[in-house]
Amino acid sequence: FNFNIQTLDSILKADGIEKTWKRILVTHLQSKSKFKYIIEDPEFKSCKALPNDLIDGLSIGEIGVLYEYSLTHGSISSRKTNGQFFTPDDVANFMAISSKKFSDGIWLDPCSGIGNLSWHLAAVQNDPEAFVLKHLILSDKDKLALLIARTLITVSFQKNRAKLFFDIRDNFQVFDFLSVADAGD
């Protein structure tokens, strides 16, 4: 794929990780009229679009790699310190296909990051939009990662619901699952 890492570096240096990724998402959404409603969310208020869509044509896994890279931009050890390790596309796809052996239910992605595993899980469903709405919950302590996940999952799977991004808001919870598990609570 044709990605210019120097462009991402310069934007990260100028705007920081949160503003950079919100601008990346706004730029990606502006070219898709069906999803311009998402830009109305308060999360994206006053975010200016970039000159080029940096994530157009990238897979969820490739976007995850760019986000992971962005996390290390300020501190090379921040990813390890925050316990942020992303599921590669091939592993996520294998796990999603294997999940078809299980009966219907609610799926929890407790450390979802930008939602690579959840994206693949939704992609193998007969009705991905209904699955995302009714059977998928993502949690992560990284609020920005969850916003990216909700945006990318909406863009990928919205078919019949006019405002899926808003409809699934409660399915994306900022929560540190690992600290609760470690505390024995």
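Modeller: What follows looks at one helix pair, then at a residue within that pair, and finally at the sheet and the chain as a whole.

Please keep in mind throughout that this is a predicted model. The pair in question consists of helix H4, which covers residues 89–99, and helix H5, which covers residues 116–123, and the two pack with their axes 8 Å apart and at an angle of about 40 degrees. Since angles under 35 degrees count as roughly parallel and those from 65 to 115 as roughly perpendicular, H4 and H5 are therefore oblique to each other. As for handedness, the crossing in which H4 passes H5 is right-handed. On the H4 side, the residues that take part in the contact are Asp89, Ala92, Asn93, Met95, Ala96 and Ser99, and they meet Asn116, Leu117, His120 and Leu121 on the H5 side.

Within this pair, Asn93 deserves a separate word. Asn93 lies in helix H4 and is one of the residues that meet H5, yet this residue is partly exposed, with a relative accessible area of 31%. Buried would require under 20% and exposed over 50%, so a value of 31% falls in between. From C-alpha to C-alpha, Asn93 is 9.0 Å from Ala123 in space, although 30 residues separate the two in sequence.

Turning to the sheet, three strands form an open arrangement in the order E1-E2-E3, with parallel pairing. Strand E1 (107–109) and strand E3 (172–174) are the edge strands, each of them pairing on one side only, and neighbouring strands are turned against each other by 20 degrees on average, direction ignored. Strand E2, residues 136–140, runs parallel to E3 and is joined to E3 by three bridges, and Leu138 stands opposite Phe172 in E3. Helix H7, residues 143–157, packs on this sheet, where H7 touches E2 and E3, and the direction of H7 makes about 175 degrees with that of E3.

These parts belong to a chain with nine helices and three strands, which follow one another along the sequence in the pattern α-α-α-α-β-α-α-β-α-α-β-α. Of the 185 residues in the chain, 43% are buried, while the accessible surface comes to about 10000 Å², with 53% of that area belonging to carbon and sulfur atoms. Among contacts with a separation of 6 or more, 73% are made by residues 24 or more positions apart.

Conventions. Residues are numbered from 1 along each chain as its sequence is written. This is a predicted model: local features need pLDDT of at least 70, side-chain atom pairs count only at pLDDT 80 or more; totals for chains, interfaces and linings use all residues. Side-chain values use heavy atoms; hydrogens and water are left out. Two strands pair if DSSP finds at least two bridges between them. Helices (H or I, at least four residues) and strands (E, at least two) are DSSP runs, numbered from the N terminus. Axes are lines fitted to C-alpha atoms, for helices over the stretch in contact, and angles run from 0 to 180 degrees between N-to-C directions. Contact means heavy atoms within 4.5 Å. Buried means under 20% relative accessible area, exposed over 50%, partly exposed in between (1.4 Å probe, protein chains only). Accessible areas come from the Shrake-Rupley method with a 1.4 Å probe; for residues, only the protein chains shown count as cover. Angles under 35 degrees count as roughly parallel, over 145 as roughly antiparallel, 65 to 115 as roughly perpendicular and the rest as oblique. A crossing is left-handed if the near helix is turned anticlockwise from the far one by less than a right angle, and right-handed if clockwise.
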